[in-house]
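I opened the notebook to record what I looked up, going from the whole chain to single residues.

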Amino acid sequence: MKLDMYEFCTTELQQKLSPMRTKFKEQEEKKMAQKAKLIAEGKLLGPKLAGAAAIAKKDENVEYEPFQFEDDVGSNNSGYYELAAVLTHKGRSSSSGPTSWVALKNGEWAKLDETRLLRTEDQY
């Protein structure tokens with residue numbers, strides 16, 4: 001699940017994020033055009049991806065962009081994040097406990113709270 005923090009950034013930071021976000025948008029539009037072409041050719045039907053390899057195929061000649069600003073090690077230069085977990089507090093009092101949702105490798109989410117903890121091997 002993608003998390004877009006752009007709207008929560010200052011105007012100055014939004015301006016710094018814009019170039020990389022434009023590149024992301026161009027890449028998504030290219031993927032959508034490839035998908036539309038496969039659908040038109042009858043090679044892509046709903047969730048059944050007969051031509052999925054054509055969309056997901058990696059090009060060995062691709063040059064990867066840096067994901068951080070040069071002057072800020074560890075930063076994110078797009079404002080896009082992959083959401084891995086959400087932590088909340090369940091209950092009205094301080095004696096209540098935390099509840100969390102954690103993204104699993106298969107794309108599903110697991111709800112964890114102090115009343116029912118799952119073993120690690122059951123989740124992955």
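**Overall make-up**

I began with burial and noted that 19% of the 124 residues in the protein chain are buried, where buried means under 20% relative accessible area, exposed over 50% and partly exposed in between, with a 1.4 Å probe and protein chains only. I keep in mind that this is a predicted model, in which local features need pLDDT of at least 70 and side-chain atom pairs count only at pLDDT 80 or more, while totals for chains, interfaces and linings use all residues. Residues are numbered from 1 along each chain as its sequence is written, and side-chain values use heavy atoms, with hydrogens and water left out.

I then looked up the surface: the protein chain exposes about 10400 Å², and carbon and sulfur atoms supply 55% of it, with areas from the Shrake-Rupley method and a 1.4 Å probe, only the protein chains shown counting as cover for residues. For contacts (heavy atoms within 4.5 Å), I noted that among those between residues at least 6 apart in sequence, 31% join residues at least 24 apart.

The protein chain holds 3 helices and 5 strands, and along the sequence they follow the pattern β-α-α-β-β-β-β-α. These are DSSP runs, helices being H or I with at least four residues and strands E with at least two, numbered from the N terminus.

**Helix α1**

I followed α1 over residues 11-40, a helix of 30 residues that reaches 41 Å from its first C-alpha to its last, close to the 44 Å expected, the expected span being 1.5 Å times one less than the number of residues. The helix α1 bends by about 40° at S18, with a proline, P19, following within four residues; the bend is the angle between axes fitted to the seven residues ending there and the seven starting there. The buried residues of α1 are Q14, L17, M20, R21 and L38. Just after α1, I found G42 with a positive phi of about 75°.

**The sheet**

Next I traced an open sheet of 3 strands, in the order β3-β4-β5 and with antiparallel pairing, two strands counting as paired if DSSP finds at least two bridges between them. Its edge strands are β3 (85-90) and β5 (109-113), each of which pairs on one side only.

Between β3 and β4 (residues 97-103) I recorded 6 bridges; T88 stands opposite T99 in β4, and K90 has G97 in β4 as its bridge partner. Between β4 and β5 there are 5 bridges, one of which pairs A103 with W109 in β5. The strands β4 and β5 form a hairpin with 5 residues between them, and G107 in the turn has a positive phi of about 90°.

**Two residues of the sheet**

Is S100 buried or exposed? I found S100 in strand β4, and I class S100 as buried because its relative accessible area is 17%. Leaving aside its neighbours within four places in sequence, S100 is in contact with V86, L87, A110, K111 and L112.

I ended with W109 in strand β5, which is partly exposed, with a relative accessible area of 31%. Not counting residues up to four places away in sequence, W109 touches M1, L83, A84, A85, V86, W101, V102 and A103. Of W109 and A84 I also noted that they are 25 residues apart in sequence and 9.2 Å apart in space, C-alpha to C-alpha.
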